[in-house]
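This briefing goes through a few features of the structure shown below, grouped by topic.

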Amino acid sequence: MTAGIQGREVRVIGGVPWTRNTRQDLKWVLLFLSPWIIGFIVLTAGPMLWTLYLSFTNYNPIRPVTNFVGIENYARMLKDPHVLNSLYNTIFYTVLHVPLSMGIALLLALMLNRIGGRSAGFFRTAFYIPNVTPAVAVGTLFLLLLNGNSGVINGVLGFFGIDGPSWLNDPTWVKPGIIIMSLWTVGNTVVIYFAALKNVPLEMYEAARIDGASAWDQFRNITVPMISGALFFTFVINTIASLQLFTEVYTMFFGAQQGQSSGAGDAAEFYVIYLFHEAFEVFRMGYASALAWLLFAVILVITVVQIRVSRRFVYYEGE
Amino acid sequence: MRRAVPILVSMVLLLAACGPNAATPNPTTAGGGSQPASGPPASLEPLKAEGKLFAYGFAYKTGDIIAQTRADVFKDAYPDVDVTWSESGFEDQKFLTALASSDKPDVVNMPRNKIGTYVAQGVLDPISDCVGKTGFDTNVFYEAARNDVTVDGQMYAFPEFYNTRNWIINNKAFEDAGIDPDSLDFSDWDAIAAANEKLVKKNGDKITRIGIDPKIPEFLPLWVKANGGAVMSDDGLTSQLDSQETIDAVKYTTDLVKAQGDPTKWLDFRNTWDFFGGKNQVASNQIGAWPMEQWYLNVLAQNSPDVDITVKPFLTKDGQPITLEDGNSWAIVSGTDNPDAACALVTTMVATDTWVAAAKARQEDAEKNNKPQTGVYSGNQEADQIIFDKYVDLSDMPVFEAAVKAVLDNQANAFGWPPSPGAAGFQTAMTDGVNRVLSGGATPEDSMSRANQEAQDAIDSNAP
């Protein structure tokens, strides 16, 4: 396609006239983006493609010979009970953790949005502090908090006459315990929602109040649509992070506890933990690569579905 | 380089989601401070060693007095060797990365139960050349420790440390329960089960004292051995997790736990112990008896010197004393550029004189800090004899003096983990198998059958 600019015919690419200035701008854009582009190719895309190749081999880093095994690793996944178990645990966690963390984060952000003055800064910091705590420390901390015998959580439940469960050793309660732990770090999501709430024009609320809208109506018809972009973003990001959960659970159930008695059984076996075990404890890197690609496929499918569905619900300013 | 690319590339992708596994300090060598070196070991033929050396799996700067003194002995003996210590414990992931790098380790300090895995893949050299050059007498090591590092008749590493397990009995709990520790027959599993029920103490359905803690899954091999079996064949190539001896041991030990109440509450209670502190489970009368590594005597002596304990050997069903041992080892990495320096280092670190120097430094440090110390269990019999004769004096702590004697008396009855290509996978399968039974998720037969299949799979996939 071409367009006439100042009497000259100029090509149009993607709706943008392809002038000398445009080409000049593109060079600068590419120059400034190059560190990321190079990093992506070398550190992400390259290794990903390499593991795709490895997933069709029996690659073991301490074996001198690597053989091509076709789809054997993928076929093995179908028969491996750990794959199904760890996928179930991971998806169970994701399905509960994502909406819960979004709901609590939204509640906290709405509260923050109503607080003014000096205390606002304090609460913003307080909500965010858990996010700067190292994941290993969080795992260790929750080993103490969730202890069925002397933990704070069961202590609080006991205050209300409830005999708390064994969060760490009863397979039924292990995943709920992990979900409680994960809610400790909703600060990131709170900050995103808080920023989105600040961008909602106050005139809309004023107009709604004049029209007699209740607080719930305002929340449902103004707040939620106006921050739906942020809600969708955190929905996608939190889903991906949940499917990749590793450090905290590894610290709680597999790190220093390796080889020790645990009542958790298979309930704490999450997908990336199993992948790690296959890759770095028994050195089946080829199989672990296939596991990594299955996780990638699962995340990709879920994300595509989320994006498709979001078109009906997400409002972007300027659309 | 061709091998380096896939290792590094795949690690980048896989580790991106996983993160590193923190190294666990070895409680055997817990302590701190540095000491002046004690000179070269006289028992070895000196080597002409010089140049650079990279030692993986050993921390000098953050190491305890035992580690630092031994490294100082080497520095004094071989001042022309410039050693770079990895300053970390052994981790498979980091070691694999180091092997793939241009600056690969010359020597490695790794747990003995991992030797079989790396030997199977040709990563380590046999130590026969090094032994020939230095005249090192490998018979100074306990037989079980030698077996841990011997594959197809060849030794691949020099053993270091010797952790053994014996019963630690809390005399106060036994007295409360009306049981005489000396008359309880630990070879009689029915008698242990009966004592367990007398020793356990509850407040409602809450456990306030554990009767007998069988320490499973970690010590399952000990129970299986006592039951006349073994969890793995001697060559480390066949899993025996589904043998009748193993299944019976799993059933018996998990029943010991279940007889004390809900296993989840039992485990929760155990997790509340002040294990390394002054209010530990013995001092707080929260345990009857349990098999435990000997380094724990040092914890008790230093933190609760007044506890009343008896140490007795673990017994087979026919009354023979046995113990499960493990520890670390020093090995030479295949293809090292500096074999003489590598040999000098690995032999010096485990030589009798070096251990004695380290034990002496530790004793002086303990005296300076007015703390008792129950000795270093080096894995070197000659060194142990000198150490416990000259540098361990517990005469003013008769309970611990008797405990240490009981440990030493059982040292020779040890067995270890056979060197297996799939040691890590085997241990995971065994742990999962026992824990499934403990959590009520499966019967011993079903769970150990699945564990056996997974363990064998791990062995086969790493076999040469």
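This is a predicted model: local features need pLDDT of at least 70, side-chain atom pairs count only at pLDDT 80 or more; totals for chains, interfaces and linings use all residues.

Helices here are DSSP runs of H or I with at least four residues, numbered from the N terminus. By that rule Val42(A) lies in helix H1 of chain A, which covers residues 20-54.

**Surface patch in chain A**
- Trp36(A), Ile38(A), Phe40(A), Ile41(A), Val42(A) and Leu43(A) make up a nonpolar patch on the surface.
- Together these residues have about 640 Å² of accessible area.
- Val42(A), one of the patch residues, has a relative accessible area of 53% and is therefore exposed, the cut-off being over 50%.

**Disulfide in chain B**
- Over all chains, the structure holds one disulfide.
- The bond joins Cys130(B) to Cys343(B), with an S to S distance of 2.0 Å.
- Cys130(B) sits in helix H5 (residues 128-134) and Cys343(B) in helix H13 (residues 339-350), both of chain B, so the link ties together parts 213 residues apart in sequence.
- The link between Cys130(B) and Cys343(B) is right-handed, with 90 degrees about the S-S bond.
- Cys130(B) is buried at a relative accessible area of 3%, and Cys343(B) is buried at 1%.

**Ser420(B)**
- Ser420(B) is in the loop of chain B between strand S13 (414-415) and helix H17 (423-438).
- Its relative accessibility is 0%, so Ser420(B) counts as buried.
- Apart from neighbours within four places in sequence, Ser420(B) contacts Gly116(B), Thr117(B), Met232(B), Gly236(B) and Ile459(B).

Technical notes:
Residues are numbered from 1 along each chain as its sequence is written. Chains are lettered from A and ligands numbered from 1 in the order in which they are written. Side-chain values use heavy atoms; hydrogens and water are left out. A disulfide is a pair of cysteine sulfur atoms within 2.5 Å. Helices (H or I, at least four residues) and strands (E, at least two) are DSSP runs, numbered from the N terminus. Buried means under 20% relative accessible area, exposed over 50%, partly exposed in between (1.4 Å probe, protein chains only). Patches are made of residues with over 30% relative accessible area and no salt bridge: like charges are joined within 9 Å, nonpolar side chains (Val, Leu, Ile, Met, Phe, Trp, Tyr) within 5 Å. Accessible areas come from the Shrake-Rupley method with a 1.4 Å probe; for residues, only the protein chains shown count as cover. A salt bridge is a side-chain nitrogen of Lys or Arg within 4 Å of a carboxyl oxygen of Asp or Glu. Contact means heavy atoms within 4.5 Å.
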